[in-house]
Amino acid sequence: EARKGQASTGNYRRNVHGMVTHLHGLITDGGVVYGPWLENGRDGTRFRGYSSFRRVGQTLQADAPKVLQVHIDKAVRELNG
């Protein structure tokens, strides 16, 4: 399904989903059997893996204080009238 100049829309991509409940978020590949291979790569191959879950996790962790501060500032303004 990959087209020149566009990202693949294959099976793995269709199985990646995110869920948010209260203050908790979860991103999963739905247990796709080859998910760990795609994410980390395998010894003995040239494929190094995508590392997308690790990179997204690091980015979210780094951005969390900024995002949270916006909501804290808004709540303080509302509480102070």
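This is a predicted model: local features need pLDDT of at least 70, side-chain atom pairs count only at pLDDT 80 or more; totals for chains, interfaces and linings use all residues.
1. The protein chain has 3 helices and 2 strands, and from the N terminus the order reads α-β-β-α-α.

2. Arginine 54 still meets glutamate 39 through its backbone: the backbone nitrogen of arginine 54 sits 3.3 Å from a polar atom of the glutamate 39 side chain. Glutamate 39 itself belongs to helix H2, residues 35–40. Beyond its neighbours within four places in sequence, glutamate 39 touches Gly49, Tyr50, Ser51, Ser52, Phe53 and Arg54.

3. Searching the whole structure for aromatic pairs turns up 1. Tyrosine 12 and tyrosine 34 make up that pair, tilted, with 6.1 Å between centres and 45° between planes. The partners are 22 residues apart and link distant parts of the chain: tyrosine 12 is in helix H1 (residues 11–15), tyrosine 34 in the loop between strand S2 (24–28) and H2.

4. Is each tyrosine of the pair buried or exposed? Tyrosine 12 is buried at 12% relative accessible area, while tyrosine 34 is partly exposed at 36%.

5. For the chain overall, buried residues account for 12% of the 81 residues. The accessible surface is about 7300 Å², with 57% belonging to carbon and sulfur atoms. Of the contacts between residues at least 6 apart in sequence, 17% join residues at least 24 apart.

Methods: Residues are numbered from 1 along each chain as its sequence is written. Side-chain values use heavy atoms; hydrogens and water are left out. Helices (H or I, at least four residues) and strands (E, at least two) are DSSP runs, numbered from the N terminus. Buried means under 20% relative accessible area, exposed over 50%, partly exposed in between (1.4 Å probe, protein chains only). Contact means heavy atoms within 4.5 Å. Accessible areas come from the Shrake-Rupley method with a 1.4 Å probe; for residues, only the protein chains shown count as cover. A polar contact is a pair of N or O atoms within 3.5 Å; within protein, one must be able to donate a hydrogen and the other to accept it, and residues adjacent in sequence count only if both atoms are side-chain atoms. Rings of Phe, Tyr and Trp (its six-membered ring) pair if their centres lie within 6.5 Å; planes under 30 degrees apart count as stacked, over 60 as edge-to-face and the rest as tilted.
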